[in-house]
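Colleague: I would like to learn how to read the strands, helices and charged pairs of a model. Could you take me through them?

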Amino acid sequence: MIGNKIIKFKTLDSTNKYIKEHIFELESGSIVITDFQTNGYGRLSRTWFDTDLMNLTFSFLLRQKVNSHTTLISQLVGAAIIKALEELNIDANIKWPNDILVNNKKVAGILIESKILQDDIYLIVGIGLNVNSTTFDQTIEHKATSLKNETNITYNLDEVLNTIVTHLNYFVDNFNRSDHSFLDVCRSKNALLNKEVTIESTQEKAIVVGIDDDGSLIVLIKNKRIKYFGSEITLSNSYNALGDNYGKNN
Ligand code: BTN
């Protein structure tokens, strides 16, 4: 169960890094959380900015059997965050594969790292959610938001964490019974649907038409349906929209 053990630090360089360094001492489900993350990182080594006692920065360890569709986990986590925010009356979308947006600005990022050992895959799932921060680093202030910025409400961090963990456990239980209905949440909250995107690696233009059962993004390139597993996609003609390049080191 996620949250069966919670290890809390006042400050920590990175909760993902901590789990990686203690991976064999921690049981599956353990959460590592810090009041202030000093050297958080996202995909492509981008900086994840934090402010002391303002936001949620945590990671958990999930051990699964290799081969159990673990590529779906980032969609599962995205769906859990969306459902948790829904409980707080906040309408959020997912920008595939793992950015959570509110009003087209990035409010949360998910970083999943993994290590395979024999039959087991150890997933280190990191979540950064801007909760009560109202100012952001100038490199991201035009594309980042927080729950407080959107609602004017100051949130209790423990309550927000509990809500997310409840939804995570619900979807992980489903996942372990091969119920992937969390994908329906991602489909109905797909920020990229019908948008033109550019596949970074090839610079091809594509139209997003859906999310497949394996969690891949389905795009149309020159009228051909293609499943896309890569992660770098930018929206065409809308630089800065939808949280693109959030936190990139400049
Ligand atoms: C991204 O947007 O690229 C993902 C950002 C993930 C940030 C979280 S905060 C908790 C955990 N620890 C880290 O160093 N990163 C993740």
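Modeller: Gladly! Two strands pair if DSSP finds at least two bridges between them. Helices (H or I, at least four residues) and strands (E, at least two) are DSSP runs, numbered from the N terminus. This is a predicted model, where local features need pLDDT of at least 70, side-chain atom pairs count only at pLDDT 80 or more, and totals for chains, interfaces and linings use all residues. Residues are numbered from 1 along each chain as its sequence is written, and side-chain values use heavy atoms, with hydrogens and water left out.

Colleague: In which sense do β12 and β13 pair?

Modeller: Strand β12 (residues 217-221) pairs with strand β13 (residues 224-228) in the antiparallel sense, over 5 bridges. Opposite L220 you will find R225 of β13. The two strands form a hairpin with 2 residues between them, and K222 in the turn has a positive phi of about 50 degrees.

Colleague: What is the strand order in the open sheet of 7 strands?

Modeller: The order is β1-β2-β5-β9-β8-β7-β6, with mixed pairing. β1 and β6 (93-95) are the edge strands, each pairing on one side only. Within the sheet, β2 and β5 (residues 56-65) run antiparallel and are joined by 4 bridges; I31 stands opposite F60 in β5.

Colleague: And how do I read two packed helices?

Modeller: They are described by the angle between their axes and the distance between the axes. Axes are lines fitted to C-alpha atoms, for helices over the stretch in contact, and angles run from 0 to 180 degrees between N-to-C directions. Here α2 (residues 73-87) and α4 (residues 157-176) pack at about 140 degrees, with axes 8 Å apart. That makes α2 oblique to α4, since angles under 35 degrees count as roughly parallel, over 145 as roughly antiparallel, 65 to 115 as roughly perpendicular and the rest as oblique.

Colleague: Which residues of α2 and α4 make the contact?

Modeller: Contact means heavy atoms within 4.5 Å. Among them are I73, L76 and V77 of α2, and F171, V172 and F175 of α4.

Colleague: Last topic: how many salt bridges does the structure hold?

Modeller: Side chains of opposite charge can pair when their charged atoms come close. A salt bridge is a side-chain nitrogen of Lys or Arg within 4 Å of a carboxyl oxygen of Asp or Glu. The structure holds 15.
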